[in-house]
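Good morning, and thank you for making time for this presentation. I shall go through the structure on the screen, beginning with a single strand and ending with the contact between the chains.

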Amino acid sequence: MIETFQARIREAAARRSPLRLRGGGSKDFYGNAPRGETLDTRAHAGIVSYEPTELVVTARCGTLLVDLEESLRDRNQFLPFEPPHFGPGATLGGCIAAGLSGPRRTSAGALRDFLLGAKLVDGRGRLLSFGGEVMKNVAGYDVSRLVAGSLGTLGLIAEASLKVLPRPPAETSLRFEIAEGRALVELNRWAGQPLPLSASAWHDGALMLRLSGAEPAVRAAVAKLGGEPLAGAEAFWRSIREQEHAFFAGGDPLWRIALPSSAAPLSLAGRQLIEWGGALRWWKSGAGAQAVRDAARAAGGHATLFRAADKSAGAFMPLDPVLARLHRELKAAFDPAGILNPGRLYAEF
Amino acid sequence: MGSRLSVVNALRGFLPARAVLYEEEDTRPYECDGLTAYRQLPMVVALPETEEQVQKILQACRALGVPVVPRGAGTGLSGGALPPGDGVLLSMAKFMRIVRLDPLARVAVVQPGVRNAAISEAAAPHGLYYAPDPSSQIACTIGGNVAENSGGVHCLKYGLTVHNVLGVRGFTIDGERVALGGEAPDAPGYDLLALAIGSEGMLMVVTEVTVKLLPRPQAARVVMASFDDVERAGNAVADVIAAGIIPAGLEMMDQPATRAADEYAGCGYDLAAKAILLCESDGTSEEVEDEIARMKAVLERAGATRMTVSASDAERLRFWSGRKAAFPAVGRISPDYYCMDGTIPRKRLGEVLNFIAALEKKYGLRCPNVFHAGDGNLHPLILFDANDAAELERTERFAAEVLEKCVAVGGTITGEHGVGVEKIDSMCVQFGDGELELFHALKRAFDPHGLLNPGKAVPTLARCAEHRRRHVHSAELQTAAPHSGLPRF
C-alpha cells in the first residue's frame, strides 16, 4: 500500500499537480480550504505493534481513532492527550496531521509530546523513518514532532508510534459558580499546587473541573476544593472535546485563541468558553479577524479561525518574515514540487 | 575563511578586550567538553554579555565565513561543544540572569547560561520546580539542555527538556532574530521549537529560554529493591508498568556499578545484590503511601530478595546520591571510562545486557551498567586507560558494537547525550541516506553556509558510504579510528 502512495506522490510531483492527503475527512473544516486530487489514506490501516508494558503503540495512518482507542482501553491504557475526533471516521494519520489535543492537554501534554516516531512519504515519494518506539531518542533532528500539526504539507504520515499511559484509576468532576476573572485566577493558583487536575472548562458563570489520578489523591482534592459534583461528567467532557456542547452551535465564526494561562479576560463581541486552565479561549464571535488577532497578540498569544464559512483572512495567524522564510524553506526541503496539501496551512505554500 | 587576526579585529570592534580570547593560555580551558577524549584549541573564544553582541558576533562570523560553536557549561558527553580550530567558540557563560519568574503562570524566563538546578532553586520559595534533572544539574546550563534535549532520572513521568520548555528565542547565523513557541500553547505553523530542541547548536544560537514550572510534589519516597539476577530485575520493571504504575523515577544499577557508587557516595546500597532497582513515588502523601504499597507488592512478586523504603527525605536523597554520582564513582576505579547512551525497548534488556557481558570478554574490558530502566535508556560505562592507544581503540569498537545492537533491537544510538562528534559514525547505522539528506536540507534552511557547529550531529553521505564500506569489509581490520586526525590527550 505504501508503494501505491509513493507512486502517486512521485507521479504528482512529476506533473506538479497538487494532492490532497485525506483520511476520514473529519477535519476537512480545519485550516485553509483543501485543494488538489484526493489521495485517500484509509486503506493503509491497522495496529502494527502494541506492547502495553513498553507504553508504546505503532499504527498505520488509516487506522480509525476509535479502533485504536478501543485496543488501548482493553489493556486499561489510553492516549493521554485525549484527541478530538470530530467525526466517527477520524484516522490516526489525520489526528497527527492536525496536531490537536483535547481537554487533558494542560496536565498531560500535547499530541506532539507523545509522538515518538513517524514513517513519512515525502514530496519526492521517498519513505523515510524518524524517531522510533523508545521514549528517549535524540539521534537526528526531531522530525516526527515537526510533522505533528503540519496538516500534511510536509509528507504523508504512513505510520506513527505514540507513547501511551495507564488510565487513571479514579476520576471525578466538580462544578463551581464563579465569574470569569476569579475563575482564571483560581485555575492558575490550583495548577501551582500538587492537585490531580486533568481538565477545566468555564462557560457562562460556571467552572467545571475534572480530577484524575490515584483514588486517595482524587478524594483529598475533592475535600480541599469543595464545589458540587458534576452530573453526567463523561458526556460533558466529551461534548467539550468533540464540540457538541451547545456553546459551539450557531453561525458565528469559531475562534481558537491560545494565551498564557494567566492572561486577563479578553473583551470581544460574542460568547466564550475557556479550557486548559485559561490557556485556550474559544470565542463565537463576529468581530473581524483583525480585531480578534490584535486582541490575541496584545494578550501574548495567537488566534486561529477554527470554524468559519469564510476563511479569507487565513486560518492561522500570519508569521513574521523570518519565520515565514524558514517555513518556506522547510516546506521545499520536504516537498520541492510543492504538491502536498498546498495552501492548507498558509496560502503561500 | 578568516584569519585569527581578522576575526579578533572584527570582534573587538564591538566587544571589550576581555571578551575576546585568543592566547593559548586563555583558550586552553575551552579545548574540550565533558567528552575529554576529543580536544581542539579554538582559534578564538568570544564571551558576549548581551543579545546584541551575540547578533553581531554571528554577523561578523557569517561575513568572514568563520565557523561558530556555541557552548554552555561544557558538561556535554558527546563532544557537541568541541571547538572549531578555525573558528569561534561562542561561550554563553555570561548569560546568567533569571529574567522573570511568574509563580501564578508557573513559568520562568531565563538566560541560557543559567544552571539547571538554579531554576528550581529560584522557584522553590513558590513551591515550584523545573522537572528535568540531568545528573550534571548542579553545573549544566539550560542552554545546553535545550541543545541536547537533556533528560534525567525523572523523565518517564515528567518528560525531557522538549516537554518542559515552552519557548526559546535567539538568532540564526545571519543574525536574524527568531522566537519559537511561547507561553501560549500551540504556536502557529510548524513546531520549530521541537526542531530546535535537541538540534545540538546546529540551527540557531539560543539567547533566552522560557520553561514550565511544576508544583513540587508534597511527598516522595523511594523503594530500593535487590535482585539476585539482572534479567529478573529488568522483568520487574515491565511488571511495575504493567500494573498501571508510572513511577516518578525507575533506575537500575548492576553490581559493579553499585559497588563503585557505594564506595564513593556511601549511599547504603545492597552490595550483595546482582542488581538493584530504585523505584520512586511522588504526589500527595496519601497517593505515595498507596503507590509504594502497590510497587512493593509487584516487586516482591517479581522476585525482589530485599526491599528498603526510604524513611525520610534525607534517606531518599542518599539513595539517589549513589545513582547521580555513578559516573564520577566509576571514574575513581578506572583511569578513564567511556559512557554510552543507547536506548532500547525495555523487553530486550536481558538480551542486550548479555550481549554487553559477552563483549566484556571479547575486548577484555570491564563495563558496569547504570540504566534509566523506566524509559529504556542504558548507560554502560566501559572502563579503560586512554594512555594505552590500543585500549582506547578497543573501547571505541566495543561502544560501536553496543550502539549497533541498540539499533538492531529497535532502539537508538543516543537517548539523551546527543550525537556530537562521538556517535557521528553510528548515525550511519541508524539512518539511511534519505533521512540524512533531509537532515542536511533542514540544516541548510537555517544555516545555508554550514557555519554553525559544522561537522557535528549529522554525518555527510560520503562519510557514511565510507563507514559502511569499511564495516562490510572487516570491522576487525578497521585501523583508522574515527576522528584520527584530532589530537587526543
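**A covered strand in chain A**

Let me begin with strand 12 of chain A, residues 206-213, which is mostly covered, with seven of its eight residues buried. Before I go further, please bear in mind that this is a predicted model.

Which strands pair with strand 12 of chain A? One is strand 10 of chain A, residues 170-177, which is joined to strand 12 of chain A by eight bridges in an antiparallel arrangement. To locate this pairing on the screen, please find Ser173(A), which stands opposite Arg210(A) of strand 12 of chain A.

Another partner is strand 11 of chain A, residues 197-203, which also runs antiparallel to strand 12 of chain A and is connected to it by six bridges. Here Leu197(A) is the residue that faces Leu211(A) of strand 12 of chain A. Strands 11 and 12 of chain A form a hairpin, and two residues lie between them. Within that turn, Asp204(A) has a positive phi of about 55 degrees.

**Chain A as a whole**

I now turn to the chain that holds this strand. Chain A contains 11 helices and 17 strands. Its radius of gyration is 21 Å, close to the 20 Å that the globule rule gives for 349 residues, so chain A is as compact as a globular protein of that length. Taken along the principal axes, the box filled by the C-alpha atoms of chain A is roughly 65 × 50 × 35 Å.

Of the 349 residues of chain A, 54% count as buried. If one takes the contacts in chain A with a separation of 6 or more, 66% of them are between residues 24 or more positions apart.

How is chain A divided into domains? The domain assignment gives domain 1, made of 2-166 + 325-334, and domain 2, made of 170-307. The C-alpha centres of domain 1 and domain 2 of chain A are 27 Å apart. Domain 1 of chain A contributes 11 residues to the contact, and domain 2 of chain A contributes 12 residues. On the domain 1 side of chain A, the residues that touch domain 2 comprise four nonpolar, four polar and three charged.

**Chain B: overall figures**

Chain B has 18 helices and 18 strands. For its 489 residues the globule rule gives 23 Å, and the radius of gyration of chain B is 23 Å, so chain B is as compact as a globular protein of that length. The C-alpha trace of chain B spans about 70 × 60 × 40 Å along its principal axes.

In chain B, buried residues make up 57% of the 489 residues. Residues 24 or more positions apart provide 72% of the contacts in chain B with a separation of 6 or more.

Is Pro335(B) buried or exposed? Pro335(B) counts as exposed, because it has 12 C-beta neighbours inside 10 Å. Apart from neighbours within four places in sequence, Pro335(B) is in contact with Asp385(B) and Ala386(B). Asn235(B) is 100 residues away from Pro335(B) along the chain, and their C-alpha atoms are separated by 33 Å.

**Where the chains meet**

Finally, I come to the contact between the chains, in which 66 residues of chain A are in contact with 74 residues of chain B. Several elements of chain A each supply at least two residues to the side that touches chain B, among them strand 7 (127-131), helix 7 (180-191), helix 8 (215-225) and helix 11 (321-334). The largest share of that side, seven residues, comes from helix 11 of chain A. By class, the side of chain A that touches chain B has 35 nonpolar, 20 polar and 11 charged residues.

Thank you for your attention.

Methods:
Residues numbered from 1 in each chain as written. Chains lettered and ligands numbered in written order. Predicted model: local features only at pLDDT ≥ 70, side-chain atom pairs only at ≥ 80, totals over all residues. Contact = placed C-beta atoms within 7 Å. Helix = DSSP H or I, 4+ residues; strand = E, 2+ residues; numbered from the N terminus. Nonpolar A, V, L, I, M, F, W, Y, C, P; charged D, E, K, R; others polar. Buried ≥ 20, exposed ≤ 12 C-beta atoms within 10 Å, placed from the backbone. Pairing = 2+ DSSP bridges. Rg over C-alpha atoms; globule rule 2.2 N^0.38 Å. Domains from an automatic or database assignment.
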